[in-house]
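Reader: I have a model open and I'd like to learn how to read it. Where do we begin?

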Amino acid sequence: MTDAIVATDPTTASAAQLEVMERDLDKVGRELAKFRAEAAREQSEADAVQSRFARMRAAGDQLLARYNAETDPAKKADLEKSLNGLLTTLEEVKHELDQEAQEAVDANKLVAETEAIYQEKATALREAKTSLSKAARELERAKTAQEHANMQAERAAQIAGLRDNEVGGLNAALTAMTRKAEEARGDAEAKRLKAAVLTKADHGSMDDPNVLEALASVQGTSPSLPFADRLAALGGPKPAPAPLQIEHKDGPGA
């Protein structure tokens with residue numbers, strides 16, 4: 001679930017994780033403060049017992065010195081009684097002192113361990129904040145780079161579209177021109193065929209082989225056929241007159 005949340009919204013998820021780390025650090029900090037207070041109290045109690053023990057020990061040393069120096073049996077017996085009572089109390093205080101001292105040592109050890117844990121968590125939180133800030137900057141740079149790349153891709157697509165439009169328009173124009181040229185050639189061919197047919201119909205007998213043969217045989221002389229009048233009516237060139245034949249009466253030698 002946490003991974004899914006991080007993938008969906010890494011910024012919010014990271015901030016939430018930092019809050020958890022901060023709460024954990026605060027919890028350890030409260031425990032550390034409590035342990036320090038307990039250690040201070042244990043140390044104070046141990047110091048008080050130590051001070052009392054030291055005074056009682058000094059008093060014992062003094063009584064012992066007086067006991068050793070006393071010659072009066074009654075006073076010596078009284079000093080002995082007092083010295084025995086003080087030594088018994090000193091032995092009890094010594095036991096209490098050892099206990100209080102150990103408790104102070106344990107309390108201070110717990111404080112040291114808790115301080116180490118607190119420092120570890122504080123360092124982890126500090127590094128996490130630094131990493132998060134770095135990741136946020138990198139993410140922002142990545143977003144900027146992505147936006148720039150998208151913009152470049154969009155511009156490239158626009159340019160490609162413009163080129164495609166130019167080429168497409170030119171191809172369309174060429175296609176239209178080619179189609180019109182083909183249509184024009186088709187129309188021209190149809191007109192040529194039509195003209196050929198119509199010309200053939202207008203010529204009529206000009207395509208007749210007998211007529212063609214007669215035309216080929218004409219050598220500038222008037223035809224003797226009965227169709228001469230029809231030819232003359234067409235307005236063609238008139239046949240040249242036959243040359244005059246002069247007869248010489250003197251004969252060939254004249």
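Author: Let's start with polar contacts: a pair of N or O atoms within 3.5 Å, where, within protein, one must be able to donate a hydrogen and the other to accept it, and residues adjacent in sequence count only if both atoms are side-chain atoms. This is a predicted model, so local features need pLDDT of at least 70 and side-chain atom pairs count only at pLDDT 80 or more, while totals for chains, interfaces and linings use all residues. Residues are numbered from 1 along each chain as its sequence is written, and side-chain values use heavy atoms, with hydrogens and water left out.

Reader: Which backbone oxygen does the side chain of T114 reach?

Author: That of L110, at 2.7 Å.

Reader: Is T114 buried or exposed?

Author: Buried means under 20% relative accessible area, exposed over 50%, partly exposed in between (1.4 Å probe, protein chains only). T114 has 7% relative accessibility, so it counts as buried. N108, at 36%, is partly exposed.

Reader: What does T114 touch?

Author: Contact means heavy atoms within 4.5 Å. Leaving out residues up to four places away in sequence, T114 touches V28, E31, L32 and F35.

Reader: Where does T114 lie?

Author: Helices (H or I, at least four residues) and strands (E, at least two) are DSSP runs, numbered from the N terminus. T114 sits in helix α3, residues 73-203, and N108 is in helix α3 too. The protein chain has 5 helices and 0 strands.
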